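Thank you all for coming; I would like to walk you through one structure this morning. Please have a look at it on the screen while I talk.

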Amino acid sequence: YRRASRLDESSDPEQVELAERLYREAIRVDPKNALAHTNLGNILFRRKDMNGASEMYRKALELDPEQSEANYNLGYWHQEVSKQCGTAICFYQEAIRLDPTFADAYYNLGIAYDRIGQRGLAKRAFSDYIRVEASGDWADNARRYIERQS
């Protein structure tokens with residue numbers, strides 16, 4: 001698992017393939033390793049295996065319902081793949097409840113709220129994002145959104 005997690009976000013396809021094999025081995029050795037399921041799901045998502053990614057995230061939450069990353073990833077999956085922003089919002093809220101410093105969850109919560117027309121809630125989520133992550137391109141985007149809504 002540790003070796004795979006050092007390789008899984010590499011830009012080298014061979015390293016990512018090795019990470020996938022190592023995660024699968026980690027799961028074979030320890031089927032209750034929720035983080036291995038989540039990280040394998042991320043690899044599958046980047047490879048456009050959306051069903052496989054969803055399955056891994058769901059398994060991770062079955063094993064560890066308190067895992068903020070799996071909640072966030074399922075939220076993102078619902079927002080971008082199934083276009084179910086309401087469901088995505090629930091997962092993002094749970095990720096934030098579990099980890100109030102999870103900046104990406106606030107940002108994508110703002111996007112999901114905006115997509116369903118809840119501009120006030122989107123503005124609040126983007127403000128929370130800036131509180132957690134005050135600098136960078138996404139913070140600048142969040143500030144622009146807030147300014148447009150004011």
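Let me begin with a convention: an angle under 35 degrees counts as roughly parallel, one over 145 as roughly antiparallel, one from 65 to 115 as roughly perpendicular, and the rest as oblique. The angles themselves run from 0 to 180 degrees between N-to-C directions, with axes fitted to C-alpha atoms, for helices over the stretch in contact. What you see is a predicted model, in which local features need pLDDT of at least 70 and side-chain atom pairs count only at pLDDT 80 or more, while totals for chains, interfaces and linings use all residues. Residues are numbered from 1 along each chain as its sequence is written, and side-chain values use heavy atoms, leaving out hydrogens and water.

Helices here are DSSP runs (H or I, at least four residues), numbered from the N terminus. The axes of α3 and α4 come within 8 Å and cross at roughly 165°, and the two helices are therefore roughly antiparallel to each other. On the α3 side the contact (heavy atoms within 4.5 Å) includes His-37, Leu-40 and Phe-45, and on the α4 side it includes Met-56, Lys-59, Ala-60 and Leu-63.

Is His-37 buried or exposed? His-37, which is found in helix α3, residues 34-46, is buried, with a relative accessible area of 4%, where buried means under 20%, exposed over 50% and partly exposed in between, using a 1.4 Å probe and protein chains only. Not counting residues up to four places away in sequence, His-37 touches Ile-27, Pro-31, Met-56, Lys-59, Ala-60 and Leu-63.

In the loop between α3 and α4 we find Lys-48, whose phi is near 70°, a positive value in a residue other than glycine, and which is exposed at 64% relative accessible area. Lys-83, in the loop between α5 and α6, also has a positive phi, of about 60°, and is exposed at 57%.

That brings us to α6, where the buried residues include Cys-85, Phe-91 and Tyr-92, and the buried residues of this helix pack against α4, α5 and α7. Cys-85 has a relative accessible area of 10%. Its sulfur is 11 Å from the closest cysteine sulfur, in Cys-90, which is too far for a bond, given that a disulfide is a pair of cysteine sulfur atoms within 2.5 Å. A search of the whole structure finds zero disulfides.
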